[in-house]
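Let's take a friendly walk through two parts of a protein model. Have a look at the picture first, and then read on.

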Amino acid sequence: MIYRCHSYFSLRYGTLSPVELVEQAAERGLAALLLADIGSCSGIYRFIQACRAHGIKPLIGIDFRRGARHCFTGIAQSNLGYHNLCEYLTRFSFSGEQFPLQAPVMEDVIFVYDHLPSRSLRTDEYFHFPVIDRSGDRLLKKVSSDRLVVLPTLTFKDESGFNLHRLLRCVDLNIVGGKLRDSDRAAQGDRLLGAEQWQTFEKRFPAVIANTCSLIDSCNVELVTGRGVNRLTFTGSASDDRELLYKLCREGLRLRYSPNNKKAAERLEKELRVIDQLGFSTYFLITWDIVRYGKASGFFHVGRGSGANSIAAYCLYITDVDPIELDLYFERFINPHRSSPPDFDIDFSWDERDRVTDYVFKRYGSRHTALLATYNTFGFRSVVRELGKVFGLPPADIDVLIEQPDATDKHHDYGRHILRYARIMDGMPNYLSIHAGGILITEQPIFYHTALKMMPKGFPITHFDMHDAEDMGFHKYDVLSQRGLGHIKDAVELIRNNRAVAVDVRDVEQIKKDLKVREQLRSGSCLGCFYIESPAMRGLLQKLRCDNYVHLIAASSIIRPGVAQSGMMREYIKRFHQPESVDYLHPVFEEHLSETFGVMVYQEDVMKIVHHFAGLDLDESDVLRRIMTGKKKSGDTFQRLKKKYFLNCHQRGYSDELTQEVWRMIESFSGYSFCKAHSASFAVESFQSLYLKAYFPLEFSVAVINNFGGFYSTEFYVHEARMDGARIEAPCINHSELMTCINGQTIYIGFIHLKRLERKIARSIVSEREKSGPFQSLEDFMERVNPPAEQLQILIRIGALRFTGINKYELMWERCNWNHSLLHNPDQQLLFGRYSFDSSALPEMEEYPREQAFDEMELLGFPLCSPFSLLQHLPKNCILARQMETLVGKQVQVKGYLVTYKPVRTVNKKRMAFVTWLDEEGRYFDSVHFPPVWKRYPLRGRGCYLLRGKITDDFGLCSLELISMEKLPYIADPRY
């Protein structure tokens with residue numbers, strides 16, 4: 001007997017994972033099982049692996065449906081058959097067409113119908129003979145017995161599973177439970193049948209059983225896995241790949257290093273041998289090709305991840321991190337003991353990544369290239385809300401279930417059922433989404449591995465995620481995006497246009513040595529700079545007096561949550577300030593960890609100690625590090641390496657106490673240490689940003705504003721530009737562009753920041769101005785652009801027509817005299833003119849002081865003046881941020897404009913917060929709100945506050961330990 005299964009990859013339909021389905025079959029002693037998910041092949045690999053583990057023959061297919069209506073099930077007889085099914089599914093997925101009710105002729109595929117066609121069945125078509133239908137004898141008269149098979153459906157385990165299935169269908173259809181029709185769900189009997197039912201069926205219809213067994217025997221699919229799934233060569237020949245890689249790397253070596261650098265040359269040759277032996281030459285060349293295309297197109301990129309441990313990658317200009325300078329181990333990236341494939345992360349600017357991805361698809365062929373998917377899963381809170389709707393609960397009752405799941409006395413009568421099924425659904429796949437940037441390039445056509453789904457950006461994704469891809473042997477090429485590179489790219493362009501200066505930010509070595517850049521870093525003035533602009537990071541830089549590349553790499557690592565929470569960040573800072581007090585456990589620690597004062601900040605540090613202290617090979621050290629970082633400490637490999645560690649330490653004469661203490665440290669540090677190469681890659685980009693900020697601060701701020709990506713909101717990058725000497729202007733129809741622009745020292749806010757202003761209007765303003773010159777008046781503007789009345793009102797309110805010298809109220813009055821619709825038909829004969837305005841009839845209308853600020857807050861989201869100038873009254877006896885260092889230990893009060901805050905929980909699970917403010921002079925300072933204060937004085941939204949507290953000094957960084965706080969009121973809105 002065999003079942004046709006739907007796993008939970010039949011999205012919002014199936015209830016069991018592929019593994020759970022196989023386990024059920026194994027319990028019944030089934031010899032074969034068919035997985036045919038509805039429009040999906042996501043679970044195929046996991047299903048096949050589970051079947052192999054339980055000695056069950058796997059059959060794979062796809063269920064094709066029109067909505068809930070079953071069209072046919074395709075079952076692959078071979079790898080070619082699976083390819084054909086995936087290609088067929090992909091074609092309809094791309095086109096959006098419905099599947100036909102009749103299956104196509106397809107090589108090495110068998111089709112099974114649940115509804116009997118009105119025609120004779122082909123030799124590759126069968127009809128499913130229902131096991132529990134009493135009309136079996138009549139069916140034999142309608143259909144030739146050799147066209148009948150028995151493939152009962154398995155969708156759920158029991159009655160509870162059936163209920164879960166019905167809830168999933170309701171969620172999918174967005175209906176309440178009472179409206180679910182029988183035709184929209186599976187039959188209640190789609191579960192494992194009793195043994196007696198099968199036995200009775202086998203006796204009555206032996207011919208059908210024989211046909212089914214014949215079908216099972218004819219199907220043999222062996223999915224290709226291992227390295228053979230990837231594109232095998234770059235040039236068309238493995239030997240040519242090898243020669244090309246060697247040539248490119250050796251040429252890069254001469255450009256990157258001095259001619260007599262023997263250490264670099266030896267390391268490169270060693271790496272090249274390993275790369276060749278492990279068959280990764282093609283992987284390196286394709287990555288080099290992707291980067292080469294980006295450079296040829298003028299795109300900035302950052303090569304990061306463990307790939308930056310490779311000198312070959314450095315010589316290929318994939319990365320800008322010198323592994324010799326930083327003592328990085330190639331074995332962290334590639335070694336013979338590492339089961340997972342190598343992994344380069346290549347970042348491009350957020351607005352250029354898609355062009356690089358498009359190149360990869362066109363260069364390597366759309367039939368061999370796809371993006372990886374991710375499984376977006378149901379989350380508990382969202383499921384409770386969805387199920388609450390299915391049960392018809394009002395929103396208030398649903399909110400109680402979400403916010404107070406344990407308060408059963410407050411729950412609706414259906415609450416326990418909702419919570420029960422929500423916990424089951426939690427983590428189940430909901431829909432396919434796109435991976436951040438993983439690209440697969442296959443040797444065989446992609447359809448031998450998966451069907452594809454087209455995404456809105458025009459790139460197709462696989463039906464499986466990165467974890468399945470890695471298990472199947474795929475190498476992924478991570479082409480990622482980030483806005484930090486957009487800052488750099490746009491800043492360079494703005495500098496060229498505004499100052500006629502060509503800036504080379506790729507000369508990283510000179511930038512790292514630049515004294516002005518180092519002082520910028522040391523000061524912590526890093527707003528907009530990639531990875532180092534958050535309040536916590538800026539504070540850490542000041543505490544460490546960080547002014548060089550090596551210390552920045554360490555700072556980028558120790559600020560990560562694991563290190564900070566373990567207490568080692570504070571220990572590192574302490575040791576940095578008092579290096580003479582560091583007590584190294586063993587000379588090996590002093591020799592190899594002196595750069596980080598004995599703290600294992602990096603994953604590479606863990607490898608160093610395991611290798612140099614205990615004598616394990618670097619390959620083994622990396623394997624041990626990876627195991628200890630994860631959760632597989634019970635495996636044979638871990639036990640073997642642990643035993644070798646203790647044996648080697650004993651042979652080296654270490655005391656048991658020392659051996660145990662070092663092992664404890666290794667276990668502790670492994671949990672939160674960070675890849676040094678990764679931090680180093682980020683630090684390179686941070687230095688490039690710092691260089692632009694130090695020498696071209698205004699252009700850099702505009703670039704950050706225009707990329708919409710930073711830790712802070714646009715308001716504070718505008719403020720930063722003002723502090724650096726810029727004159728900030730509100731949007732103007734004669735000067736502004738869609739994006740924010742700069743002319744000399746003047747920055748005009750872009751139209752894109754105006755709430756409710758349509759982009760087509762903004763573009764038409766710019767286009768008309770470029771074509772016919774500046775606008776002369778409101779009348780001229782209306783004749784040439786003619787925006788709708790409500791769009792014109794936005795422009796008038798923000799002051800975009802202030803060049804006319806007419807105040808906003810008069811402009812508004814003038815606006816009312818325009819017949820906008822008639823402007824579109826200038827040839828129409830009019831009884832009255834298109835425009836009639838008599839200014840002499842106007843009453844006197846004047847704008848009130850600070851009125852513009854309130855329009856700016858409404859339309860831009862922030863005022864362009866100082867927010868302190870809007871206060872009803874200014875409290876006296878307040879200090880400024882620059883005075884804090886002279887008042888340590890004193891209680892003071894200070895006025896602060898809220899910038900951002902970070903709520904955290906103490907070890908006792910109580911809430912507290914770190915808050916960042918601007919003072920009256922526009923300088924930043926921070927306050928600490930411990931739990932009692934945070935509870936008593938919560939923040940009350942954006943605006944200005946009067947803060948009272950005590951000044952504290954932490955390694956040279958002053959902050960305010962809050963005692964009390966009150967929000968300061970703005971003046972009444974003068975517009976009303």
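## A few words first

Two strands count as paired if DSSP finds at least two bridges between them. Strands of a sheet pair through backbone hydrogen bonds, either parallel or antiparallel. Keep in mind that what you see is a predicted model.

## A sheet of three strands

Here, three strands make up an open sheet, and their order is β16-β18-β17. The pairing in this sheet is mixed. Residues 727–729 form β16 and residues 741–743 form β17; these two strands stand at the edges with a single partner strand each, so one side of each has no neighbour in the sheet. From one strand to the next, the twist averages 25°.

Now look at β16 and β18, the latter made of residues 746–748. These two strands run parallel and are joined by three bridges. Across this pair, I728 stands opposite I747 in β18.

## Two helices that cross

Two packed helices are described by the angle between their axes and the distance between the axes. Helix α25 covers residues 603–614, and helix α26 covers residues 618–629. Their axes come within 9 Å and cross at roughly 125°, which means that α25 is oblique to α26. The crossing of α25 and α26 is right-handed.

Which residues make the contact? On α25 they are Q603, V606, M607, V610 and H611, while α26 brings L618, S621, D622, L624 and R625. Sorted by kind, the residues of this contact between α25 and α26 are five nonpolar, three polar and two charged.

Note on methods
Residues numbered from 1 in each chain as written. Predicted model: local features only at pLDDT ≥ 70, side-chain atom pairs only at ≥ 80, totals over all residues. Heavy atoms only, no water. Helix = DSSP H or I, 4+ residues; strand = E, 2+ residues; numbered from the N terminus. Axes fitted to C-alpha atoms, helices over the stretch in contact; angles between N-to-C directions. Parallel < 35°, antiparallel > 145°, perpendicular 65-115°, else oblique. Left-handed = near helix turned anticlockwise from the far one by under 90°. Contact = heavy atoms within 4.5 Å. Nonpolar A, V, L, I, M, F, W, Y, C, P; charged D, E, K, R; others polar.
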